[in-house]
Amino acid sequence: MKDDFDFIAYLKYRTTDEGGRMTPAQSNYRPQVRFDFEKSTSSGRQVFINKEWVFPGEEVEAEITLMSPHLFKNKLYEGVKFEFLEGAKIIGVGEILKIKNETLKNNILS
């Protein structure tokens, strides 16, 4: 199921001092994903590209698989930014680089 993901994103993890994680995240980590335009969040599996671990303050590209993709049908586009969270704590921000799941694309904004 390596190719079964929704989009590729650039991720920037906050440092511990910025309120981010205190420990590194391992590939396959599943924080909540939140977009500004949507009240609902979805768990989103992050499979890091060319890395197994990401430490607080680091950046990485990752394949993201949303656990509830139906929430974002026809709403996403390349360049849209999002936050990823542990509970209420924002631990990083991301930007969609390439959408693979065509049902998520907002073709008006793409």
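The dialogue below treats salt bridges, accessibility and strand pairing in turn.

Tutor: Please note that this is a predicted model, in which local features need pLDDT of at least 70 and side-chain atom pairs count only at pLDDT 80 or more, while totals for chains, interfaces and linings use all residues. Residues are numbered from 1 along each chain as its sequence is written, and side-chain values use heavy atoms, with hydrogens and water left out.

Student: How many salt bridges does the structure hold?

Tutor: A salt bridge requires a side-chain nitrogen of Lys or Arg within 4 Å of a carboxyl oxygen of Asp or Glu. Under that criterion, the number of salt bridges in the structure is 6.

Student: Which residue meets Arg21 in a salt bridge?

Tutor: Arg21 lies in the loop between β1 (7-13) and β2 (25-26), and its partner lies 65 residues apart from it, in strand β7 (residues 81-86). Strands here are DSSP runs (E, at least two residues), numbered from the N terminus. The N to O distance is 2.4 Å, and the partner is Glu86.

Student: Is Arg21 buried or exposed?

Tutor: Buried means under 20% relative accessible area, exposed means over 50%, and partly exposed lies in between (1.4 Å probe, protein chains only). Glu86, at 30%, is partly exposed. Arg21 has a relative accessibility of 14%, so it counts as buried.

Student: What is the N to O distance in the salt bridge of Glu95 and Lys81?

Tutor: This pair links distant parts of the chain, with Glu95 in strand β8 (residues 89-99) and Lys81 in strand β7, 14 residues apart. Glu95 is partly exposed at 26%, whereas Lys81 is exposed at 54%. Their side chains meet with an N to O distance of 3.2 Å.

Student: Which residue in β6 stands opposite Phe7?

Tutor: Two strands pair if DSSP finds at least two bridges between them. β1 and β6 pair in the antiparallel sense over 6 bridges. In β6, the residue opposite Phe7 is Ile64.

Student: How many bridges join strand β4 to β6?

Tutor: Strand β4 comprises residues 42-48 and runs antiparallel to β6. Gly44 stands opposite Leu66 in β6. The number of bridges joining β4 to β6 is 5.

Methods
Helices (H or I, at least four residues) and strands (E, at least two) are DSSP runs, numbered from the N terminus.
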